[in-house]
Amino acid sequence: MLRSKTLLYAITLAALPGAALANGDFYVKLFGGLSDLGAGTLSLNGTSSSLDLDSGGIFGGAVGYDYGNGPWSAEIEYAYRTADVNSAGMIGTGGDLASTALMLNGIYTFDTPGAFTPYVGLGIGVLTEVDIDIDAGSAAGEYNDTGTFAVQAMLGANYAVSERVSLFGELRYLSAGSQTLDGPGGSTVDVDYDSFDALVGLSFRF
């Protein structure tokens with residue numbers, strides 16, 4: 001866990017100050033949208049059951065640098081995802097599954113005429129916290145873990161409202177694999193964490 005965080009911070013410090021040598025722009029993003037964690041499996045101390053989740057939400061922001069001499073940009077992003085738990089089969093009902101993520105993204109924007117510019121991106125980072133609360137049943141309680149490595153892929157498009165302000169829409173997929181979350185009395189739950197997101201946002205350039 002500590003190695004994942006150290007790697008992320010080292011790459012971030014290397015990327016953004018170096019970008020300042022290019023003739024580009026710093027920017028800030030704010031975004032929100034839908035997050036679908038889907039139906040998965042929850043295992044309580046070795047007893048497995050299906051996990052049924054509602055579609056949830058994603059909210060966050062990023063600070064980045066757009067390299068002026070090419071199509072690349074780099075950004076540091078913080079995002080919060082949450083979804084309600086409908087049921088965990090025979091071992092629990094109700095509650096919610098949430099996470100916070102700190103990611104370093106690399107973005108490639110295609111050079112197209114007009115106000116619309118499509119882009120693709122990849123990100124690496126950590127889920128700074130994953131937390132699931134189960135309201136009732138044998139799994140009732142709060143379970144969490146921190147510092148889990150995560151990756152994400154992004155596909156989107158910007159629309160330039162002005163020279164400094166853009167709207168954007170984006171689809172993304174984040175995967176952090178299987179999580180072991182610690183709970184009350186030494187109990188643990190294992191849950192797969194993969195999210196499909198659809199979001200919209202606003203970008204401000206400086």
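Reply: Strands (E, at least two residues) are DSSP runs, numbered from the N terminus. Phe26 lies in one of them, strand 1 (residues 25–36). This is a predicted model, where local features need pLDDT of at least 70, side-chain atom pairs count only at pLDDT 80 or more, and totals for chains, interfaces and linings use all residues. Residues are numbered from 1 along each chain as its sequence is written, and side-chain values use heavy atoms, leaving out hydrogens and water.

Me: Why is Phe26 called partly exposed?

Reply: Buried means under 20% relative accessible area, exposed over 50%, and partly exposed in between (1.4 Å probe, protein chains only). Phe26 has 40%, so it is partly exposed.

Me: And Gly32, is it buried or exposed?

Reply: Gly32, also in strand 1, has a relative accessible area of 17%, so it counts as buried. Leaving aside neighbours within four places in sequence, Gly32 is in contact (heavy atoms within 4.5 Å) with Ile58, Phe59, Leu199 and Val200.

Me: What makes a group of residues a nonpolar core?

Reply: The members are buried Ala, Val, Leu, Ile, Met, Phe, Trp, Tyr and Cys residues joined through side-chain atoms within 4.5 Å. The largest such core here has 25 residues, of which Leu127, Ile132 and Tyr193 touch the most other members. Strand 7 (116–136) is one of the strands that each supply at least two residues, and strand 7 gives the most, with 4 residues. Apart from this core lies another, of 8 residues, including Phe31 and Leu199.
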